[in-house]
Amino acid sequence: MNQEVLKKNFERHEFETSFFETREQAATYLQAQIRGQKVAFGGSVTLQEMGLFDALSKENEVIWHWKKAGREMLVEARSAEVYITSANGVSKTGELVNIDGTGNRVSQTLFGPEKVYFVIGNNKVCPDLTSAMERAKQIAAPKNAARLQVQTPCAKTGVCVDCNSPARICHSIVILERPSNGMEVEVVFVDEEMGY
């Protein structure tokens with residue numbers, strides 16, 4: 001992971017950045033930054049692999065629809081002061097790419113919380129926006145479809161065919177080039193493979 005290039009390009013795009021060698025170091029950092037707040041999580045294998053829900057629940061009210069399912073949890077997450085998620089693809093040139101089915105995850109990264117954190121493993125960093133988009137569609141989406149056990153072609157083959165399946169999980173693609181006006185967004189880079 002080229003920390004110098006990522007820092008330069010993401011900060012040029014008005015994102016805050018932080019860098020860690022391990023997921024444990026990143027989790028400790030987030031615990032120190034977030035105390036006594038209402039925190040919501042987007043669907044993220046990265047956050048699950050970090051054990052971040054349990055870590056942050058010690059001193060915060062944490063909402064995650066993976067822990068308590070239902071639309072009411074998605075609605076409740078809208079009132080969080082802090083939102084934490086990951087991205088499906090990240091460009092070295094300074095863009096974050098996410099594909100979403102329900103829209104809850106991408107909407108929270110665009111408007112609402114006082115602070116948004118994206119936690120990014122080194123496996124998600126791509127040379128440019130085109131390859132970050134390709135990664136989101138051809139790697140992250142099929143793996144998430146298989147994890148969710150939906151009946152889509154990519155869940156079976158591991159390859160996106162831009163299907164029209166009723167079970168399709170790819171409804172919205174958001175490219176975040178800069179934080180929305182009035183939002184504070186920090187990209188937490190971890191030099192380990194995490195998530196899809």
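The buried residues of helix H1 (3-12) pack against strand S1 (residues 16-20), strand S5 (89-91), strand S6 (96-100), strand S8 (125-126) and strand S10 (184-190). Here helices (H or I, at least four residues) and strands (E, at least two) are DSSP runs, numbered from the N terminus; buried means under 20% relative accessible area, exposed over 50%, and partly exposed in between (1.4 Å probe, protein chains only). Contact, in turn, means heavy atoms within 4.5 Å. The model is predicted, with local features requiring pLDDT of at least 70 and side-chain atom pairs counted only at pLDDT 80 or more, while totals for chains, interfaces and linings use all residues. Residues are numbered from 1 along each chain as its sequence is written, and side-chain values use heavy atoms, with hydrogens and water left out.

In H1, the buried residues are Leu 6, Asn 9 and Phe 10. They cover an arc of only 95 degrees around the axis, which puts them on the same side of H1; the arc is that of the directions from the helix axis to the C-beta atoms. Glu 4 and Lys 8 are exposed and sit on the face of H1 turned away from its buried side. An α-helix has 3.6 residues a turn, so residues three or four places apart point the same way.

The loop between H1 and S1 holds His 13 and Glu 14. His 13 counts as buried because its relative accessibility is 6%. Leaving out residues up to four places away in sequence, His 13 touches Thr 93, Gly 94, Glu 95, Glu 177, Arg 178 and Pro 179. Glu 14, by contrast, counts as exposed, at 56% relative accessibility. Glu 14 has a positive phi of about 75 degrees, although it is not a glycine. Most residues other than glycine have a negative phi. A positive phi is also found at Asp 162, which is not a glycine either, with a value of about 50 degrees. Asp 162 belongs to the loop between helix H8 (153-157) and strand S9 (172-176), and is exposed, with a relative accessible area of 54%.

Strand S1 (residues 16-20) includes Phe 20, which counts as buried at 16% relative accessibility. Apart from neighbours within four places in sequence, Phe 20 is in contact with Gln 25, Ala 26, Tyr 29, Val 188, Phe 189, Val 190 and Asp 191. Between the C-alpha atoms of Phe 20 and Gln 3, which are 17 residues apart along the chain, the separation is 9.8 Å.

Helix H2 (residues 23-33) has Arg 23, Ala 26, Ala 27 and Leu 30 as buried residues. Seen down the axis of H2, these fall within an arc of 100 degrees, so they line one face of the helix. The cover over the buried residues of H2 includes S1, helix H3 (45-50), helix H4 (52-57), strand S7 (115-121) and strand S10 (184-190).

Ala 136 is buried, with a relative accessible area of 1%. When residues up to four places away in sequence are not counted, Ala 136 touches Asn 88, Gly 89, Val 97, Ile 99 and Ala 141. Val 97 lies 39 residues from Ala 136 along the chain, and the C-alpha atoms of the two are separated by 7.0 Å.

For the protein chain as a whole, there are eight helices and 10 strands. The radius of gyration is 16 Å, close to the 16 Å that the globule rule gives for 196 residues, so the chain is as compact as a globular protein of that length. This radius is taken over C-alpha atoms, and the globule rule is 2.2 Å times the number of residues to the power 0.38. Along the principal axes, the C-alpha atoms fill a box of roughly 40 × 40 × 30 Å. Of the 196 residues, 49% count as buried. Among contacts with a separation of 6 or more, 73% are between residues 24 or more positions apart.
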